[in-house]
Amino acid sequence: MCGIIGITGDGEAVEILLEGLARLEYRGYDSAGLVLGSPDGLWRARAATGTRSLGDLRKQAEGAPGACAGVAHTRWATHGHPTEHNAHPHLDCSGAVAVVHNGIVENGQELRRRLAAAGHRLASDTDSEVLAHLVEEELAAAGAGDPGGDTPGGAAIGAGGGVTTGGEAIGAGSPGGVTTGGAAGGAAAGSVLAGALRRALAQVRGSYAVVVQWAGDPERLVAARRVSPLVLGLSAGGAALVASDVPALLGRAERFWVLDDDQGAELVPGAVSCFGTAGEPVAPRALAVTWDLEQAQKGGFADFMSKEIAEQPQAVADTFLGRLRADGTAGLDEVRIGEDALRAVDKVAVVACGSSYHAGLVAKLAIEHWARLPVEVDIASEFRYRDPVLDERTLVVGISQSGETVDTLQAVRHGRGLGARTLVICNVVDSSMAREADGVLYTRAGPEIGVAATKTHLAQLAALDVLALHLAQVRGALGGPDAGRLLAALGRVPDLVAEAVARAGAVLEVADRLRSARDVFFLGRHVGYPVALEGALKLKEISYVRAEAYPAGELKHGPIALIEPGAAVVAVATRTPLWEKLMANVEEVRSRGATVVLVANDGDDETASLADAVLWVPPTEPLLAPMVDVVPLQQLAYGVARAKGLDVDRPRNLAKTVTVE
Ligand code: F6R
């Protein structure tokens with residue numbers, strides 16, 4: 001999740017770009033960069049100093065030439081280290097094409113190889129850079145490769161006037177007077193640059209929000225999106241703007257539009273025009289913006305936690321991108337531990353803390369079941385001190401959103417010290433763990449600002465499923481039909497998560513009933529137990545309600561003594577293995593007067609008949625169910641905390657990253 005902004009038609013372009021980046025930093029801050037276009041060519045500045053990047057970029061921009069058009073980017077690294085040479089904007093070989101990109105080019109490696117073989121000089125390790133070179137090729141093919149040539153684009157750009165480049169022009173006829181232009185030009189008209197970008201994107205698989213600027217037509221920006229968002233704006237003075245998100249444009253644009261999937265836009269001073277995949281004109285969707293800056297950064301949500309819960313389908317989909325392959329295999333190209341080494345592994349030792357530990361418990365079930373490999377899961381802070389038996393045939397898997405949690409870092413180091421292979425699942429590129437481990441599998445959830453892990457937890461579960469399937473396939477433990485069925489089921493998970501997320505309203509009603517509960521017991525069995533643990537952790541950390549999770553079968557060995565009339569019990573009762581046994585445990589607590597809330601699969605009236613309240617979720621494969629079943633428990637905790645008037649994003653006593661033992 002990176003942040004993009006572009007503007008044309010304002011003499012204060014640099015200031016507006018820098019301000020926009022500052023407002024988009026919640027989308028990432030590994031590096032920042034901008035390009036300005038003028039008749040003399042493109043001018044670029046970049047900085048990759050983490051949280052200082054923007055300040056450093058600002059200093060460099062003091063020496064920028066005057067320009068009224070440019071593009072800028074703030075990066076959350078997914079491919080390539082967060083270094084300056086990987087910072088956007090990326091340029092083509094000639095330095096005439098600049099590209100900023102948010103998303104993932106799934107076939108980036110393949111395109112890099114093809115471009116390098118064709119003589120392109122790729123200057124970064126990113127997937128995004130290929131876009132600049134693809135546009136370069138397409139411009140050359142259109143006979144417009146030389147920016148010094150005649151009026152590339154062939155489009156007349158009148159000062160403050162509409163644009164004759166095809167697409168439906170939304171123009172400011174004159175500063176202050178906004179008019180909506182009709183469709184100008186026929187199907188697939190558009191500038192040379194727009195045509196080149198369309199043809200370049202036709203070669204790309206994956207997701208993108210992309211904005212391109214070309215020295216041959218420096219006051220024109222061309223943008224396009226698939227999956228990753230882009231909004232468009234026009235200012236009262238006629239500047240045309242584009243950004244990943246509304247906050248960047250607040251106070252600058254007076255009218256807003258949303259670019260839909262597979263649409264593109266051309267921006268010139270005074271007008272924006274939109275086109276579809278074949279270049280045909282399309283009308284963009286108007287957006288009424290009533291948010292202030294803080295609301296806009298939260299996307300209109302009340303807080304980051306609810307925004308991040310809503311982002312979970314995307315986080316899961318992005319984590320799968322390029323890893324669930326069309327040939328029915330789960331691929332881990334970027335992991336750096338070869339298949340022979342993985343075949344030699346005879347034990348997996350998972351180490352993690354908190355929500356990441358709960359993801360590890362689910363992974364144990366998946367790896368053991370699919371790959372038939374023994375898995376131990378340890379709370380990272382305990383691992384080293386129990387003198388674990390590890391050797392070069394052990395794969396130590398560290399799971400950490402931040403990649404900095406010191407307990408997990410030390411546990412991974414301990415494994416490495418004993419000769420084990422180490423693999424880290426984490427969300428932050430180039431974090432300490434990512435640097436030290438033999439291999440890294442990045443989750444692609446984007447920055448998580450709420451202290452409680454939500455979307456990063458789901459992304460971890462998604463990444464661990466890919467790992468488990470990959471191990472199973474490499475080791476020949478899973479037949480083709482089974483793998484195919486699981487891959488198809490995994491592909492459907494983002495939609496199921498979206499369905500679960502959409503039911504927040506019903507969950508909040510149940511939360512209201514639990515707001516005065518003193519103790520809440522969470523029960524689950526098999527995959528439902530880690531989900532119960534995660535539900536209890538969420539509830540205690542953000543709503544300060546005492547919540548304990550038990551494997552339901554353990555209840556009768558002690559905890560059931562705590563059940564009395566009025567006690568609240570939340571059980572994960574979806575149709576996963578041991579459902580029948582779990583329901584017997586539910587009967588036991590019900591008969592002792594507990595108020596019972598059940599997570600149940602849609603239409604499962606038998607389960608619902610034992611509940612005082614039901615949290616409905618769509619069904620899926622049992623081992624994939626935690627990604628769906630945990631959603632209402634996150635929302636339940638959220639609802640209780642909000643009902644108690646608590647700050648869900650900054651719970652007391654907690655830090656997002658724990659770097660002390
Ligand atoms: C819970 C939560 C924490 C973290 C734990 C590990 O909502 O956020 O329990 O899961 O501190 O952090 P990472 O994953 O960064 O190692």
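H526 comes out as partly exposed, at 30% relative accessibility (buried means under 20% relative accessible area, exposed over 50% and partly exposed in between, using a 1.4 Å probe and protein chains only). The structure is a predicted model, with local features needing pLDDT of at least 70 and side-chain atom pairs counted only at pLDDT 80 or more, while totals for chains, interfaces and linings use all residues. Residues are numbered from 1 along each chain as its sequence is written, and side-chain values use heavy atoms, with hydrogens and water left out.

H526 sits in the loop between β23 (519-524) and α17 (helices, H or I of at least four residues, and strands, E of at least two, are DSSP runs numbered from the N terminus). H526 is not a glycine, yet its phi is positive, at about 55 degrees. At the other end, just after α17, Y544 also has a positive phi, of about 60 degrees.

As for α17 itself, the helix has 16 residues and reaches 22 Å from its first C-alpha to its last, close to the 22 Å expected at 1.5 Å a residue (the expected span is 1.5 Å times one less than the number of residues). The helix is mostly covered, with 13 of its 16 residues buried. E534 belongs to this helix, which runs over residues 528-543, and E534 is buried, its relative accessible area being 0%. The side chain of E534 makes a polar contact of 2.8 Å with that of H358 (a polar contact is a pair of N or O atoms within 3.5 Å; within protein, one must be able to donate a hydrogen and the other to accept it, and residues adjacent in sequence count only if both atoms are side-chain atoms). Setting aside neighbours within four places in sequence, E534 is in contact with S355, H358, A453, H457 and V630 (contact means heavy atoms within 4.5 Å).

Helix α20 covers residues 625-643. Its 19 residues reach 28 Å from first C-alpha to last, close to the 27 Å expected at 1.5 Å a residue. Because 17 of those 19 residues are buried, α20 is largely enclosed by the rest of the structure. Just after α20 comes G645, with a positive phi of about 75 degrees.

Two packed helices are described by the angle between their axes and the distance between the axes. Helix α15 (residues 480-501) packs against α20 at an angle of about 20 degrees, the axes being 9 Å apart (axes are lines fitted to C-alpha atoms, for helices over the stretch in contact, and angles run from 0 to 180 degrees between N-to-C directions). That makes α15 roughly parallel to α20 (angles under 35 degrees count as roughly parallel, over 145 as roughly antiparallel, 65 to 115 as roughly perpendicular and the rest as oblique). On the α15 side, L490, V493, L496, V497, A500 and V501 meet M627, V628, V631 and Q635 of α20.

A second pair is formed by helix α4 (residues 129-141) and helix α5 (residues 192-201), whose axes come within 8 Å and cross at roughly 120 degrees. The two helices, α4 and α5, are therefore oblique to each other, and their crossing is right-handed. From α4 the contact draws on L131, L134, V135, E138 and L139, and from α5 on V192, L193, A196, L197, R199, A200 and L201.

Several loop positions also deserve a mention. P247, in the loop between β12 (240-243) and β13 (255-258), counts as buried at 0% relative accessibility. Beyond its neighbours within four places in sequence, P247 is in contact with R23, Y26, L293, A296 and Q297. Another proline, P89, lies in the loop between β4 (69-75) and β5 (90-91), and the peptide bond from H88 to P89 is cis, with omega near -5 degrees.

R372, found in the loop between α10 (354-371) and β19 (375-379), is exposed, with a relative accessible area of 60%. R372 is not a glycine, but has a positive phi of about 55 degrees. A561, in the loop between β24 (546-551) and β25 (568-572), counts as exposed at 69% relative accessibility. A distance of 57 Å separates the C-alpha atoms of A561 and D127, which are 434 residues apart along the chain.

Note on methods
Left-handed = near helix turned anticlockwise from the far one by under 90°.
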